[in-house]
Amino acid sequence: MPGRQLLMNFPVTATSHTLADYRARGGYATLKRVLKTMKPEDVTKEVTASGLLGHGGAAFPVGRKWAVIKLNDGQPHFLCCNADEGEPGTFKDRWILENAPHLLLESMLIASYALQVRNAFVYMRGEFDLPNRRLQAAIEEAYDAGYFGASIPGTDFICDIFLYRGAGSYVCGEASGLLTSIEGKKGYPRNRPPRLTVRGLYQKPTVVNNVETLANITGIIRDGAEAFRKVGLPKSPGTQLVSISGHVVRPGVYEVEHGYPLMKLLNEDCGGMLGGRALKALIPGGISTKVLTGADCAELTYDHATFDKAGSSLGSGGMIAIADGTCMVRLLQVMLRFWHHESCGQCTPCREGMGWMHRIIDRIVAGQGRMEDIERLVAISDANDGTTICGMGDAAGYATVGFIAKFRDEFEYFIQHKRSRCGGVLEVARPAEVAHA
Amino acid sequence: MPEFFINRQPVHAEPGQTVMQAALAAGHYIPYFCWHPNLSVAGNCRICIVEVEDSKGGTWMDIACNMPVDEGMRVLTDSEGVTKRRKEILQMILLNHPVDCGICDKAGECSLQDYHYEYNGERPVSFDPKVQATKFHPLSERIVLDNERCILCSRCVRFTNEVSGTHSLGIQHRGDHSLIRASEDGAFGSDPYSDNVIDICPVGALLSRNFLYKSRVWYLKATPSICPGCERGCNVDIWHRRSEWKLNALDPRQNASIDRVTPRENPAVNGPWICNKGRDLAAIFERPRAERAMLKGTPVELPLAIDAARALIASARRPVALVSSWASNEELAAFKSTLANRFACFVKSDWTPQPGERVEDDVLIKPDKNPNAKAARALFGAAPIAFPDGTDLVLVWGEGFSFTQLPRGASVIYLNSYLQPENGHADVFLPLSIQTERRGRYTNFEGTVSNFEPCFGKKATVADAEPLFAALATHEAIA
């Protein structure tokens, strides 16, 4: 395993997700201690001291987000767990929801206590089936055990939790779109200001945190911020659940300690590239992060600082490894089709720009591209930069610009020769498939 | 009051104002599609993007409609960066817009058209086919929607959510395939304010079926007027063909007809809205007109009828007058100063709610369906109509009074504008001009006075009420 483990630190069995097993691992003891010995502001202080960064993609310091919530201000606060894991390539929250739902629930209770939340929400991705059943069962167990819905003995803290299933829209994973969707409206993201921590769900102060971010809270409070900071690097403390897909031998979810060498992760933990091919490109954290070439990756360690320096970011931890021989033009076509399909259509640059870019790349792949199309794609991306309501337009633009900057020759080749330099290949056969053939 | 800077000029803002509000109030224009002063901020068109200089010498950009004013903030509305962004956004908006201005009713008063000339002015840069969408989608019996022209500003959706309260419009699908659609329960069809969405549509997507392809707007003149539909007295513009664009080839009625009615903004009365009844003033004013004076149903010249009326008034012992609540303040005052002392006067309700009409709500519509009842009652009292014993003459001014209620044996002088069966039963019938043919004022239920101007000329055989009363009271000939 790549480094120390904070979340995947127990053996997954047929019953490891249940309340009984979770309690046997020491579950809900932290909650009881927090309720009896800590004040809400102490919890927030501890989280701030831990330096925990959000795991949803933007890496915003969790303590800073929480500190905006004013305690005892006479209005209700809300906590929303963002389980709408929709960033292509990302499936790490699913592991927590399936295997450690009680860890999430305990963390949400601790966070609710810290933020004086009476009603907490989980916004679950609509396509999730097992995670939904597991979390629903865990919520029922927790209600039966008296953690939710009634005051926990010896304290006056009561919290209720609502599991809300989305309908599969990508933008509902954006924090404000998620809240709008919970409110029963079309999942349109909202303009800032006001920030969600000032006016969020039902116009009340709201904290929206990713599943993995929240799941870390219990450990931080249990072992203390100091212990948490000892894992990882000073500027990127802790670990990241990385969901690796693409052309590696052993794709899956890995918990990676910040600072772990990237190529070691790919070559040793994941078993290297399929068929022994070279790493052509790497999408490090969901398709919204800028693509890296194999050469870029050689010296990288897995943490925020080095990835930022390399011109990309860790994003949501949805890593896609791309082997030599893959057509980057067709890959960008797949990505732009996704963004076109998922643009909510609220604001002009993204609504029109995504469709436009998709039509251009479709035309290039159909062999009807023109050289000026490359500049047009860059220009449309630029027009989306900072002009949209949410980050989706920017992200799609960054990714497109990244593809063109790193693999411009492939785009030019495709337009000139009306065909892919790599035969339009996206798939690399797995050894088992080779054996079948 | 925070002070900030727009294009380096100091601007005062009210507390809580956005940059857009403060800039427009101070005379700095920022373009907008989705923003509307009377609706919530949606911030989706992005055309109002402005640049803000921060204290470190850098700049950032955001939309002015959602930007709270900060003390000392330095906003640029026409910097190079802003100009570039506006251009890009206009190109995006035009990307799937059909640009069929030549056949679009909105042409001439379209924000997109204006901004294109002002801020973009370039040929399209895309050669990919445009997204196709529904044309002539019937949103209701009154409104058709052209989804290709729609720029999804969501003003109409917010209008039904926030003003009319029917929540009857929404956006289906997403991305560049989003479509404005009405809810399936038909609530939009029964929304009495639905036609306002035609005015607030910044492009020609929402179209009035009444006005569809009827005229180019630049052939029309907007004359200020007042909706007589209820005691709210909404200020309206009546649009009719400009005299310089009169076409002999057209039916003469088309040269003198009401082409459309739009609200004239007056925050003290109706804000920027009117109800659908106000849109249909043609249904009131273009009913068949009574154009000839009559004596017991026999057409006569006007002076002859006035002489007959004068004689009836002079010989009456107990005359009663039923005063019109559709008369202007000036006409009421003229009646008061000339004839009122000869009569026992009662205010008559000319119009009552029609079957199916909304009687009252908390937006605009008021229960009294007469525009000037308040002023009439102020002059002539609010007593219900009662004929004293021995009433031998009744002067009925305006419509809405059934002659079956007349006291037995009384003579009748009837002043009316429209062709109605009662006209022929009156001893003397005098045809009157209507609101669109004269100028005057109405006092609404809150006491706010608004004025209306003439749109069309009146026929010589028809009398204006003011000189008519003067002629009846004296022996002067009618002017």
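Here is a tour of the sheets, helix packing, chain contact and backbone details.

This is a predicted model, in which local features need pLDDT of at least 70 and side-chain atom pairs count only at pLDDT 80 or more, while totals for chains, interfaces and linings use all residues. Residues are numbered from 1 along each chain as its sequence is written, and chains are lettered from A and ligands numbered from 1 in the order in which they are written.

**Chain B as a whole**

Let's start with the overall picture. Chain B contains 13 helices and 22 strands; helices (H or I, at least four residues) and strands (E, at least two) are DSSP runs, numbered from the N terminus. Along the principal axes, the C-alpha atoms of chain B fill a box of roughly 90 × 50 × 45 Å. Of the 479 residues in chain B, 44% are buried. A residue is buried if 20 or more other C-beta atoms lie within 10 Å of its own, exposed if 12 or fewer, and partly exposed in between, with C-beta atoms placed from the backbone. Taking contacts in chain B between residues at least 6 apart in sequence, 64% join residues at least 24 apart. Here, two residues are in contact if their C-beta atoms, placed from the backbone, lie within 7 Å.

**The seven-stranded sheet of chain B**

Chain B has an open sheet of seven strands with mixed pairing, in the order β15-β14-β20-β19-β18-β16-β17. Two strands pair if DSSP finds at least two bridges between them. At the edges stand β15 (298-300) and β17 (344-348) of chain B, each with a single partner strand, so one side of each is left without a neighbour in the sheet. On average, neighbouring strands of this sheet are turned by 20° against each other, direction ignored. Within it, β16 (residues 319-324) of chain B pairs with β18 (residues 393-397) of chain B in the parallel sense over four bridges. P319(B) in this pairing stands opposite L393(B) in β18(B).

Strand β2 (residues 117-124) of chain A runs parallel to β3(A), and six bridges join them; M124(A) stands opposite R165(A) in β3(A).

**A helix pair in chain A**

Helices α14 (residues 348-365) and α15 (residues 372-383) of chain A pack at an angle of about 160°, with their axes 10 Å apart. That makes α14(A) roughly antiparallel to α15(A) (angles under 35 degrees count as roughly parallel, over 145 as roughly antiparallel, 65 to 115 as roughly perpendicular and the rest as oblique). Residues of α14(A) in this contact include W356(A) and M357(A), and those of α15(A) include R376(A) and L377(A). The contact divides into eight nonpolar, one polar and two charged residues. Ala, Val, Leu, Ile, Met, Phe, Trp, Tyr, Cys and Pro count as nonpolar, Asp, Glu, Lys and Arg as charged, and the others, Gly among them, as polar.

**Where the chains meet**

The contact takes 25 residues from chain B and 25 residues from chain A. Helix α2 (residues 80-95) of chain B gives the largest share of chain B's side, six residues. By class, that side has twelve nonpolar, seven polar and six charged residues.

**Backbone details**

| Cis peptide bond | Omega |
|---|---|
| R192(A) and P193(A) | about -10° |
| P193(A) and P194(A) | about 0° |

P193(A) lies in the loop between α8 (175-182) and β4 of chain A.

Although not a glycine, K418(A) has a positive phi of about 60°. K418(A) counts as partly exposed, with 13 C-beta neighbours inside 10 Å.

Note on methods. Axes fitted to C-alpha atoms, helices over the stretch in contact; angles between N-to-C directions.
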